[in-house]
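Subject: Structure handover

Hi,

Here is the structure I promised to pass on. Please open it and keep it beside you while you read my notes.

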Amino acid sequence: MSSAYWLTNVRLESGHQIANGVITGTKTGSFHLFIQDGNIEKVVSADDIITDDLPQKDAKGLLGLPSFAEKHCHLDKTLLGDRWRAVTPTPSIFERLQIEKEVLPSLETTTQERAEKLLDMYLKSGVTHIRTHVDIYPEVGLNNLEEVKKALQTFEGRLSNEIVAFPQHGLLRTKAKGLLREALRQGAGFVGGVDPATVDGDIEASFHQMVELAVEGNAGIDLHLHDPDYLGVFTIKRLAQLTREAGLQGKVAISHAYSLGDIPLSQAEEIAELLADAGISIITSVPIDRKFPPVGLLRKKGVSVAIGCDNIFDVWSPFGNGDILERAGRLAEISNWVDEQPLAQTLSYITDGKVPLDLEGKQVWPQVGDDANIAFVEASCSAEAIARRSKRVATMFKGDIVSGSFKLGEK
């Protein structure tokens, strides 16, 4: 594709429709975007006449939204591309880990092949950035990391990525510190962790190793915390304290954090303030089988919150389709966000905070200088896209169409 061209007839949100002081809908208009070297350099009304001879690509009036970010996936775990199998029930996480150790090496497909299947699904759903966890433990060494990196290389130029060196079987329990250190040297940008109390059996020792590795490797931390109630809350408080002491503010995330959904809202408010102060973000998969963090409250308190799909057909779950927009719709539905503005703002949980309109109805995306990373959907506005899980027609990454097409009948 030319490094400079006009993307014409893109439908963008331009303001709120208001009746009797109530937001009743979203105004949209047709715009032309000037794309150069992967960036949006101009945004003009479709009524303006283009006078230069640069190439033009017609978006056919599709709604443009900031493309999506998947903040929690496991490219090395998915069974996509292999034979169907349901999940074998187990009484504890340790039995599940053993099953995983046995099943994954026995598959006829490679980790790279399965990871590429999932990456392709993400592109089709509008995702252009992923954070993937990669299991690191003695029996597998760095093989998963190597395979996932090959898959990501296949998709180079089509999406961006972050890698978490993830001690799924326990950082202390499998003595994986050295392997994680090497994984950071080989391209991982985050140190992972799992339930320091119940998997590792020692909150202090587990956290100190995580923090040491993160500081030493100039990396972030992404802790998977499933522990419920006050055990989970205690763990969160301790991580917040260590984050501040180590100067890791803004580089730490807690995935799941179910305990924040188990405690009274008044106590969740206190923890939210601690998280905001420590710059710790929360990533939720919006489960339907248990309580999860009060997303709206956290956001109100200044905590960065994101959604991730997590399991996509693996030995942990037979479900999941890699559609992060569907997961955002689930959050809105469970939260009873049924009116226009809350529905529209739900988009921010899957776009790294980017939304077309701010709370006052001012157009804030796209802006000149933004990356031309856009999901094109069959919807009238963000609210409809969230509520109806609208069809993604094309996905653009840095000015290039990386999935789908604007041409009728093409994919």
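At what angle do H5 and helix H6 pack, and how far apart are their axes? Bear in mind that this is a predicted model. The angle is about 35°, and the axes lie 11 Å apart. H5 covers residues 203-216, and H6 covers residues 229-246. Their crossing is right-handed.

Now look at the contact itself. H5 brings in Ile203, Glu204, Phe207, His208, Val211 and Val215. From H6 come Leu231, Phe234, Thr235, Arg238, Leu239, Leu242 and Ala246. Of these contact residues, 9 are nonpolar, 2 are polar and 2 are charged.

Next, the sheet. It is open and has 8 strands, in the order E6-E7-E8-E9-E10-E11-E12-E13, with parallel pairing. E6 (68-73) and E13 (305-307) are the edge strands, so look for each of them pairing on one side only. On average, neighbouring strands are turned by 25° against each other, direction ignored.

Zoom in on E9 (residues 190-194) and E10 (residues 220-225): 5 bridges join them. Val191 stands opposite Ile221 in E10. H5 packs on the sheet here, touching E9 and E10. The direction of H5 makes about 155° with that of E10.

Last, the cores. The largest nonpolar core has 96 residues. Leu75, Ile254, Leu260 and Leu275 have the most contacts inside it. H5 gives this core its largest share, 6 residues. A second, separate core has 18 residues, including Val10 and Val393.

Best wishes

Technical notes. Residues numbered from 1 in each chain as written. Predicted model: local features only at pLDDT ≥ 70, side-chain atom pairs only at ≥ 80, totals over all residues. Heavy atoms only, no water. Core = buried A, V, L, I, M, F, W, Y, C linked by side-chain atoms within 4.5 Å. Buried < 20%, exposed > 50% of the residue type's maximum accessible area, 1.4 Å probe, protein only. Helix = DSSP H or I, 4+ residues; strand = E, 2+ residues; numbered from the N terminus. Axes fitted to C-alpha atoms, helices over the stretch in contact; angles between N-to-C directions. Left-handed = near helix turned anticlockwise from the far one by under 90°. Contact = heavy atoms within 4.5 Å. Nonpolar A, V, L, I, M, F, W, Y, C, P; charged D, E, K, R; others polar. Pairing = 2+ DSSP bridges.
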